Amino acid sequence: MTVPDKSGFWARNRWILAFATVVATGIVLATAEAVDQSRHLAAQESQVRSLEASSSQEARQEAEVSEKTVLAGTGISAARVRKDTATLAQLLSMAFTWDSGETYELARESLKDRFGLSEKDAFLQTFLPPSRFNEDAGRKRRYYIDAIAMTSAVSRNLDVDVVEVTATRYRYAVIADIEVGVSSAAQNGEGRATRQPTALRRVLLYATVSADGTVSNLTGIAPSGSTRFSR
């Protein structure tokens, strides 16, 4: 029986074994280095996000302080402006949020009740004139708005600036974006309507707000054109 010469095997393959050992060691070291780099990068990313969040918060705080400083320098109350802005936002939402002839008429009546407007007011004549309709023998109204499936909603973009202060009355200029669209039910013949915005119209309004929240001298400039949404 012949016994394998192990010493000869090691002698013949010592260079291969040495190379394999070096490669294995290199792989282990490279893996460890990669893991360490990954942890280091993750820590850096976390630090960057933290710095960005802190910077954003500081920027907002600085902007708020700057705004308050400017308002204080002009004798304008920042708290009053916030309160009046909420009132004007409610007015815009009430006026420009509707999706049928009936809700359009309801918007007009709500404005009259809440803000004391009348048919003679320039705002109603310019932005919300009486809706056109046909009435059948049963006195059921068929609104033109429904025929073209027109809808309206106020975009989140709202810019309110004080242009004049007289005693406790603040005069504001308000720029708002109105999303005009069509009802998907009319397009697809579905029973349940969903609003599909098709254009963005920017309107400019002027309003005076008293200390008790009463809105007066409400005027505005209707948009002359529209920006189409891409489909």
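Val162 stands opposite Tyr172 in strand 4; helices (H or I, at least four residues) and strands (E, at least two) are DSSP runs, numbered from the N terminus. The model is predicted: local features need pLDDT of at least 70, side-chain atom pairs count only at pLDDT 80 or more, and totals for chains, interfaces and linings use all residues. Residues are numbered from 1 along each chain as its sequence is written, and side-chain values use heavy atoms, with hydrogens and water left out.

**Strands 3 and 4**

- Strand 3 (residues 150-166) pairs with strand 4 (residues 169-183) in the antiparallel sense over 13 bridges; two strands pair if DSSP finds at least two bridges between them.
- Val154 has Ile178 of strand 4 as its bridge partner.
- Two residues lie between strand 3 and strand 4, which form a hairpin. In the turn, Ala167 has a positive phi of about 55 degrees.
- Twelve of the 15 residues of strand 4 are buried (under 20% relative accessible area, with exposed over 50% and partly exposed in between, for a 1.4 Å probe and protein chains only).

**The largest pocket**

- Pockets and cavities are found on a 1 Å grid over the protein atoms alone: in a cavity a 1.4 Å probe fits but cannot get out, while a pocket is an open set of points with protein on both sides within 12 Å along at least five of seven lines. Lining residues have an atom within 4 Å of a point.
- The largest pocket has a volume of about 470 Å³, a volume being the space filled by probe spheres set on the points, which are joined across faces, edges and corners.
- Its lining has 20 residues, and the closest to the pocket centre are Trp98, Tyr104, Phe127, Met150 and Arg201.
- At least two lining residues come from each of helix 4 (122-127), helix 5 (144-147), strand 3, strand 4 and strand 5 (195-209).
- The pocket lining has 15 nonpolar, three polar and two charged residues. Ala, Val, Leu, Ile, Met, Phe, Trp, Tyr, Cys and Pro count as nonpolar, Asp, Glu, Lys and Arg as charged, and the others, Gly among them, as polar.

**The cavity**

- There is one cavity of 30 Å³ or more, and the largest cavity has a volume of about 40 Å³.
- Leu88, Leu91, Leu92, Val174, Leu205, Tyr206, Ala207 and Leu218 line the largest cavity. Helix 2 (78-96) and strand 5 give two or more residues to this lining.
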